[in-house]
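Hello,

Here is the structure I promised to pass on to you. Please have a look at it first, and then read my notes below.

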Amino acid sequence: MNRALGAALCLGSVVAIGVSAGPAQAETQHAGCRVAAAKPYVAVDGKIRAAGSRAGCENGARFRVRILKSRPGPDRVVKSGSKAVRNARVTVTTTCVDGVYYSFVTDYRGHVSRSKPVRLDCSSPTPVPSPSASTPTTGPATPTPGTPAPSPSAKPTVSQAPSASPTGGTTVGTAVENEVVRLTNVERAKAGCGPLKHDARLRTAAYGHSADMSAQKYFDHTSKDGRSFADRIKAAGYSFRAAAENIAMGYPSAQAVVQGWMNSSGHRQNILNCTYTDIGVGYAASGNYWTQDFGKQ
């Protein structure tokens, strides 16, 4: 089954608020305008996808995303696509052939970004973090320019109501979500970090995002309505000094998804960050969408 991962952090991967962390991809910045290239990955439909994002820019430009295949001699461009944008995310898709690929983006205004190369196996896709931007701060996150502030009407519509219900009593989350919490704490214990508490507010934010991705058939830290993970966490009533998010798609079990995250440096960094004290896990069964939201108040 095709699988994909994404990591973001507030305090930290590869989006951060509160603690500095290296982004999952190379990024250049000029006067607030920045572009970012995400590693190519094999999507659920068996095709290679790569995305680039342009943010914080005041002027429009032709934004191009290229997928290149590494080989002896000059690397070959296997797919290229462009769009006139100001701030947007552009995705290109190509037929999958096993090999080593990377993405390269430019807006022809001096902003360029190149992802790290990744080996893709069309029959057994490698989890890859989705693109994100780093925004260190010393306090709670605020919406970035162009992003609507959280509001009740901006919350995603959840269609998988049974999955959203706790297992009973005051327990937070479902059995499978709590197994993700347990396995996450096992890994943290190995690294000398304290256990995370399953927080109802973070779980609300995490499940809402998983359900929204499942219902609207997308995979990204940014919701279709433009909200970031920080916006969703705050809208759920959780004020934080540090926060982070991991997402995944296609993993059939709690054990599989935690192992996938642990096999990816950006996601592992979020899990093993001893700063965090709380966690929320949300799982949407249709498409196997997973979200982990981490926090410290």
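**The hairpin**

Ala61 has Val85, in strand 7, as its bridge partner. The model is a predicted one, in which local features need pLDDT of at least 70, side-chain atom pairs count only at pLDDT 80 or more, and totals for chains, interfaces and linings use all residues. Residues are numbered from 1 along each chain as its sequence is written, and side-chain values use heavy atoms, with hydrogens and water left out.

Strand 6 (residues 61–69) runs antiparallel to strand 7 (residues 76–85), and nine bridges pair them; pairing requires at least two bridges found by DSSP. Six residues lie between the two strands of this hairpin, and Gly73 in the turn has a positive phi of about 85°.

**The chain as a whole**

There are six helices and 15 strands in the chain. These are DSSP runs, numbered from the N terminus: H or I of at least four residues for helices, E of at least two for strands. Of the 297 residues, 50% are buried (under 20% relative accessible area, with a 1.4 Å probe and protein chains only). The chain's accessible surface is about 12600 Å², with 52% belonging to carbon and sulfur atoms (Shrake-Rupley method, 1.4 Å probe).

**The cores**

A nonpolar core here is a set of buried Ala, Val, Leu, Ile, Met, Phe, Trp, Tyr and Cys residues joined through side-chain atoms within 4.5 Å. The largest has 20 residues, and Val180, Val257, Trp261, Trp290 and Phe294 touch the most other members. Helix 2 (175–190), strand 13 (242–249), helix 5 (254–262), strand 14 (278–284) and strand 15 (289–296) each contribute at least two residues to this core. Helix 5 gives the most, five residues. Beyond its neighbours within four places in sequence, Val180 is in contact (heavy atoms within 4.5 Å) with residues including Val257, Trp261 and Trp290. A second, separate core has 17 residues, among them Ala37, Ala50, Val90 and Val92.

**A buried histidine**

His198 sits in strand 12 (residues 197–198). It counts as buried because its relative accessibility is 11%. Polar atoms of the His198 side chain lie 3.3 Å from the backbone oxygen of Val172 and 3.2 Å from the backbone nitrogen of Val281. Not counting residues up to four places away in sequence, His198 also touches others, including Glu177, Asn178 and Arg203.

Do write back with any thoughts.

Best wishes

Definitions and conventions
Polar contact = N/O pair within 3.5 Å; in protein donor to acceptor, adjacent residues only side chain to side chain.
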